[in-house]
Amino acid sequence: MGGFRFLLPLAWRSLWRNPRRTFITMLVVCVGLWSVLTFAVLLRAWSASSRDVAIRTITGEGQIHAQGYLDDPTVAHRLPPPDAGLMAVLNGGAVSAYSARVRLSAIVQSEYKTLPVTLVGVQPAHERQISVLPAQITAGHYLSGPDDVGIVLGSNLARRLKTRVGKRVVVMVQAADGHLAERAFQVVGLFAGPRTAEDEFVFTGLKTAQRFTGIGSDLSEIAFDVSNDAALPGVLAALERAVPGADVQSWKTLEPLSYAVSTFFDQFVLMWLWIIFLLMGFGIVNTQLMAVLERTREFGLLQALGMRPRLVLLEVALESVFLVGLGVALGAAAALATVSAFPKGIDLGFLARGAELAGAGHILYPVIVPSDFVTYSLMVWVLGVLATLWPARRASKVSPVEAMSHI
Amino acid sequence: MNRAPILLAAAMCAAFAGTAQAAPDADALIRAAFDNWRAKSSETEVTMTVHRPDWERSLKMKAWTKGDDDALVRFVAPAKDAGNATLKQKNETWVFNPKLNQIIKLPGSMLAQSWMGSDFSYNDLSKADDLLTLYTHKLLSSAKDGTHTVYTIEADPKPGAPVVWGKLTAKVRDDGVMMAETYFDQDMKPVRAMTTDKVNRIGGREYPAVMTMRPVGEPGKWTRIETTSGSFDVTVPSYTFTLSNLQNPRD
């Protein structure tokens, strides 16, 4: 260990014998790591936002349907009202909220236009716990109860239909007996949300929808949220036991795009890390190799004075531990500073609806995940040091006699 | 108000329809207009002209109706469109396309689409009765037109009726000829208007021979329906309004 005490200051001082070279290499590491960390935070925020938009708009973290409903969302595939066993699971601690719905493909008609929509019959009190749409009313008001006979449209849909709060629209839907049921609804409210949701969903009272389609008290789906992510598989299994034969799915199957986005982003960060590291690696190896070649005479002298080749190797490796370590520290600090520059989130308003296409919401909330920071920084540091082992080995192979004659 | 013409009209309506009430009212006038238009059964030849700012085309067709529920329209010219046919039975509508040799049952979503590129929708064919069944009628005014009296009737949707219009107004002549029909949105602004441009004697009755449908606010767009010949209360074979006859005409 005595060697270390003598090697540490030696390596540190050697580092600053050529400050310009040291700074440039440090900068390479710093910028590389900064980009990896910042990207990781951004992509995580994006994927979290995409997941939130998918789940909070209407889907929930899981849904129960009758078999076949997902392929053919009509009145033919419906669930009986929940029995005691199912209610026990839904009211249990692992499920934080649920909403029973009638949800059917329908057609909405105004004086000027006829458009395909999805008619959703809801119990407003339950729906509010699952979906953010009831809270995002821009005109009029949301439904007051399961018996409400009004209809709530998306703002954009209302604009396309040239209708507004107070006016009447006609909704057509296939009823339980197969005929085309028609009914006039008064528009009571407009909601704002992702444009696809605004265009797709129209809401009315659950019982109104059940009477309209003649399905008694049957349902199309039950959407639920779980108290924490880890509880999801358990809840899915419990629900499958409670309603044998039903189709119980998590958001990962119901919203495959959002799930794909979140998994893809995790992979993407890793790929980015490798690319950046490769580039950094070339930079570090090149500088260190140059430094070693420049200092042939010095290494020869050290060996002639009795330093073991192993210690020479250690000395060069220590230099890069300092060098890369400083770069890593600076890069991590820069990334921290960048992220904390957006305490209120990054507003994607300038992308207009473009961000929505990729599944994200309007505002991204970057969150620093300490484990990411530590892992990626350590990886860069360790790999950076490993990359300098080659020049270090080269330094240790210098023969003192040759080196002394080297100018 | 002079009630004599209304009484007279109502009496005529009763004669036509056999079901109208004795009291003169707007319902009876509307009923009379429908009966004059379609009778118990009808067979007519019609030319439809679709006009747009930069083009215009004419289609000739034959149409059969029976009661309120059944109707069949078959295009006969031009050659490009000949053979296309639309069958309506109660609330269901089918179209036949000879090029595909296929019958397609129209889904509800398509009923509001334009019929053969005109300003009429399939709904106008299949839901023509809405004016009779889904609205309450009241007489607004009457005016002299030569020897005839023309009554203006306002039709308001019954509460909860599945109609999108705010109201309709119809002008019906005392002999049961429909002279005009205007559709209003729920702000009571006119959306589209149909007018009868010419009344001719067809099949032994005064008939709206030339009718034009114009969307309001879109000048240069209109569709004209010109009835060239027709016979009413004739026996239409029962096979006429069948899918088999839709695909393989027997006439």
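Chain B has a mean pLDDT of 84, and 89% of its residues reach 70 or more, pLDDT being the predictor's confidence in each residue, from 0 to 100. Over residues 10-23 of chain B the pLDDT falls below 50, although this stretch has 25 contacts in the model beyond near neighbours in sequence; two residues are in contact if their C-beta atoms, placed from the backbone, lie within 7 Å. This is a predicted model, in which local features need pLDDT of at least 70, side-chain atom pairs count only at pLDDT 80 or more, and totals for chains, interfaces and linings use all residues. Residues are numbered from 1 along each chain as its sequence is written, while chains are lettered from A and ligands numbered from 1 in the order in which they are written. The model scores ipTM 0.76 and pTM 0.75.

Between the chains, 15 residues of chain A are in contact with 13 residues of chain B. The chain B side of this contact comprises seven nonpolar, five polar and one charged residues (Ala, Val, Leu, Ile, Met, Phe, Trp, Tyr, Cys and Pro count as nonpolar, Asp, Glu, Lys and Arg as charged, and the others, Gly among them, as polar).

Chain A is divided into domain 1 (2-54 + 258-405) and domain 2 (67-245), with bounds from an automatic or database domain assignment. The C-alpha centres of these two domains of chain A lie 51 Å apart.

In chain A, the axes of helix H2 (residues 19-59) and helix H12 (residues 309-340) come within 7 Å and cross at roughly 40°. Helices are DSSP runs of H or I, at least four residues, numbered from the N terminus; axes are lines fitted to C-alpha atoms, for helices over the stretch in contact, and angles run from 0 to 180 degrees between N-to-C directions. H2(A) and H12(A) are therefore oblique to each other, since angles under 35 degrees count as roughly parallel, over 145 as roughly antiparallel, 65 to 115 as roughly perpendicular and the rest as oblique. By class, the contact of H2(A) with H12(A) has 17 nonpolar, seven polar and no charged residues.

How values were computed: Helix = DSSP H or I, 4+ residues; strand = E, 2+ residues; numbered from the N terminus.
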